[in-house]
Amino acid sequence: MYALWETLRAAVPLITKGNPYLFSIIWFTIQVAAVGTAIAVVIGLPIGLVIGAGRFRGRRILHAFANASLGLPPVLVGFFLLLLFVPQGPLGGLQLPITRRAVFIAQTVLALPYVVALTAAAVQGLPPGLLAQARVLGAGRRQLYTLALREARIGVIAGVIAALGTTLSEVGAIVVVGGNVYGYDQTLASAALFEANAVHLTDAVALGMVLVILILILMGGLGALQQWGGGIRLRFRTVT
Amino acid sequence: MGYLWHQLSGAVPLIFQGNPYILRVTWVTIQVAAVATGLALIIGLPLGLTLGLGRFRGRRTLQILANTTLALPPVLVGVLGLLFLLPQGPFGSLRIEFTLSAVFLAQTLLALPYIVALTPAAIQGLPPGLLAQARVLGAGRLQLARLALREAKIGVMAAVIAALGSALSEVGAVILVGGNVQGYDQTLASAVVQEVGPDSNYQYALALGIVLLALVFVLMAVLTVLQQRTSGINLRFRQVAR
């Protein structure tokens, strides 16, 4: 127990001392989380809304496909991206392997299924008839999707929280495409993996502590937003 | 495209020739998935049921705590695992660091939060009054648990699917506590990480990846079918007052 306590105690000054290496990793992690989640929302929200509220052939298949993509191992996502990115690969000209841009792309791709699948599920979980009623009352496509988004926002935010969690925590994809280069394209999670692998446990614990604090702040903030906005469900009046 | 095709045509024979390395890694992965999901169920289901059914002070706090553990990064579980398992650590005398047992332990710890947090969520989503009615009709604690489990089956199965998924896919914890020792305590996912590392062999990585994808797909499909098949007999009240 003593050694454990000593490691934890030694880790705290590493954080509070304000070490520039740590700051650069924290900053990069925040960038990756913000960019990955934001792009996933911009691309994924419209897709999720269309799958959830649309009425077209193949909608169920697309939904099943979105659900299945949630089960995709991050390591494989990273590896398939790497096969596209290597110099001989189809996107080889972009010179992406072992760069920060590759890390951004990998975490975006990992976050996307959460936004798409959970938005679609949330929209489908709306009270039956709600969207049908809006359609009957003459809501246009845009109004319909706005209504669906507003009514299903608790589920949609749950999707965003899951997406954000993935961009912060996952290492499988970024280690593979980014190469986990010390001081360059490491996130807090992949840096913790790097240090622990070298049995620098004090550094790993310090990085892990900062990561947990970041997760609690960001995800807790979104969770509070989700619960706070939950009380005003089912306002029909603004539809028309 | 020619490059991808070249890699693929090298990888596919590796799978079908029964390469001993790939077979070994596949077998370890199946063991890890089964042991981790099984242990997580044995430990997590009673906890989840207690959280979902119990009426005691601090239940909500515990539920929030359980939800928080879902957000725990696998890498962190690995770091903490190493702290506890290395010789200087509290469980150092077990000498299981960098062994298959440590991999089992890590993936169980990762799978557990899904069962503990998602089971009560599923139970709380049951029609209000269902459990209260069973209580009024005189259901004992065990009967109540069985009723809740049966009625919340879809949600509980979703938890099992999530737990199994993390046991199969996650690498952060496995690499750290297991050491990712080639051909010994590697899972398919962690073996892919090694095969794209310094001594990279993309054909092996692709072969391992294809096997992992097939395994994930088959197991998820089976569990999803099981989940959906039983959804028809929701809300059978009659057996409660037996």
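Okay, hi everyone. Before anything else, please keep in mind that this is a predicted model. Let me start with chain A. The C-alpha atoms fill a box of roughly 65 × 45 × 30 Å along the principal axes. Of the 240 residues in chain A, 47% are buried. And if you take the contacts in chain A with a separation of 6 or more, 78% of them link residues 24 or more positions apart.

Now, the helix I'd like you to look at is α10 of chain A, residues 188–197. Why do I call this one largely enclosed by the rest of the structure? Because nine of its ten residues are buried. Those include A:L188, A:L193 and A:F194, and also A:S190 and A:E195.

So what do the buried residues of α10(A) pack against? Within chain A, it's α2 (20–53), α8 (153–169), α9 (172–178) and α11 (201–228). From chain B, α4 (74–85) and α9 (172–178) join in. One backbone detail while we're here: just after α10(A), A:V199 takes a positive phi of about 50 degrees.

Let's move to the core. The largest nonpolar core has 149 residues. The ones with the most contacts inside it are A:A106, A:A192, B:V79, B:V192 and B:L208. Helix α5 of chain A, residues 100–124, gives this core its largest share, 18 residues. A:A192, by the way, is one of the buried residues of α10(A).

Take B:V192 from that list. Leaving aside its neighbours within four places in sequence, B:V192 is in contact with A:V75, A:L76 and A:F79 from chain A, and with B:A205, B:L208 and B:G209 from chain B.

Last stop, a helix pair in chain B. The axes of α4(B) and α5(B), residues 100–124, come within 10 Å and cross at roughly 135 degrees. That angle makes α4(B) oblique to α5(B), and the crossing is right-handed. On the α4(B) side, the contact is made by B:P74, B:V77, B:G78, B:G81 and B:L85. On the α5(B) side, you have B:A102, B:L105, B:A106, B:L109 and B:L110. By class, that's eight nonpolar residues, two polar and no charged ones.

That's what I had, thanks.

Definitions and conventions
Residues are numbered from 1 along each chain as its sequence is written. Chains are lettered from A and ligands numbered from 1 in the order in which they are written. This is a predicted model: local features need pLDDT of at least 70, side-chain atom pairs count only at pLDDT 80 or more; totals for chains, interfaces and linings use all residues. A residue is buried if 20 or more other C-beta atoms lie within 10 Å of its own, exposed if 12 or fewer, and partly exposed in between; C-beta atoms are placed from the backbone. Two residues are in contact if their C-beta atoms, placed from the backbone, lie within 7 Å. Helices (H or I, at least four residues) and strands (E, at least two) are DSSP runs, numbered from the N terminus. A nonpolar core is a set of buried Ala, Val, Leu, Ile, Met, Phe, Trp, Tyr and Cys residues joined through C-beta atoms within 7 Å. Axes are lines fitted to C-alpha atoms, for helices over the stretch in contact, and angles run from 0 to 180 degrees between N-to-C directions. Angles under 35 degrees count as roughly parallel, over 145 as roughly antiparallel, 65 to 115 as roughly perpendicular and the rest as oblique. A crossing is left-handed if the near helix is turned anticlockwise from the far one by less than a right angle, and right-handed if clockwise. Ala, Val, Leu, Ile, Met, Phe, Trp, Tyr, Cys and Pro count as nonpolar, Asp, Glu, Lys and Arg as charged, and the others, Gly among them, as polar.
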